[in-house]
Amino acid sequence: MYEVALDPQAERERDGLQPEACAAFMELLAMLEVAPWGGKSFREDRPKGNMLTQPFGDGLGMATYFVLEERRLVYIVRIAWTG
């Protein structure tokens with residue numbers, strides 16, 4: 001199991017999510033606790049890097065995060081919702 005933490009900027013973005021996005025974001029958090037490496041590498045030139053992106057809410061949302069394996073930590077740095 002991984003701990004999931006939010007950067008202060010990501011907390012502000014989470015707090016601004018529309019109500020319909022909140023449930024989808026909670027599902028994303030649950031997934032990241034058990035399988036954070038399922039996201040897509042943020043940088044194409046570093047496919048095995050620890051900065052990843054993961055869509056949520058049928059692709060209307062996107063989270064960008066780091067996986068700090070040695071600490072079993074997922075650190076979300078940005079959240080976007082286009083819905």
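Which residue takes a positive phi in the hairpin of E3 and E4?

First, some housekeeping. This is a predicted model, so please remember that local features need pLDDT of at least 70, side-chain atom pairs count only at pLDDT 80 or more, and totals for chains, interfaces and linings use all residues. Residues are numbered from 1 along each chain as its sequence is written, and side-chain values use heavy atoms, with hydrogens and water left out. When I say H or E, I mean DSSP runs numbered from the N terminus: helices (H or I) of at least four residues and strands (E) of at least two.

Let's start with the sheet. It is open, has 5 strands in the order E1-E5-E4-E3-E2, and its pairing is mixed. At the edges sit E1 and E2 (40–41), each of which pairs on one side only. By pairing I mean that DSSP finds at least two bridges between the two strands.

Now the neighbours, one pair at a time. E1 and E5 run parallel and are joined by 4 bridges, with Ala 5 opposite Tyr 75 in E5. E4 and E5 are antiparallel, over 8 bridges. Along that pair, Gly 61 stands opposite Trp 81, Thr 64 has Arg 78 as its bridge partner, and Phe 66 has Tyr 75. E3 and E4 are antiparallel too, over 6 bridges, and here Met 51 stands opposite Phe 66.

So, back to my opening question. The residue is Gly 57, with a phi near 65 degrees, and this hairpin has 4 residues between its strands. In the loop between E3 and E4 you also find Asp 58, whose phi is positive as well, near 55 degrees, in a residue other than glycine. Why flag that? Most residues other than glycine have a negative phi. Asp 58 counts as exposed because its relative accessibility is 83%. For those terms, buried is under 20% relative accessible area, exposed is over 50%, and partly exposed is in between, using a 1.4 Å probe and protein chains only.

The hairpin of E4 and E5 also has 4 residues between the strands. Its loop holds Arg 72, which has a positive phi of about 55 degrees although it is not a glycine. At 35% relative accessibility, Arg 72 counts as partly exposed.

Next, the helices. Helix H2 covers residues 19–34, and its buried residues are Ala 21, Ala 24, Phe 25, Leu 28, Leu 29 and Leu 32. Looking down the H2 axis, these fall within an arc of 155 degrees, so they line one face of the helix; the arc is taken from the directions from the helix axis to the C-beta atoms. Turned away from that side are the exposed residues Pro 19, Met 26, Glu 27 and Val 34. The cover over the buried residues includes E1, H1, E3, E4 and E5.

Thr 53 counts as buried because its relative accessibility is 13%. Beyond its neighbours within four places in sequence, Thr 53 is in contact with Gly 39, Lys 40, Phe 42, Met 62, Ala 63, Thr 64 and Tyr 65. Contact here means heavy atoms within 4.5 Å. Thanks, all!
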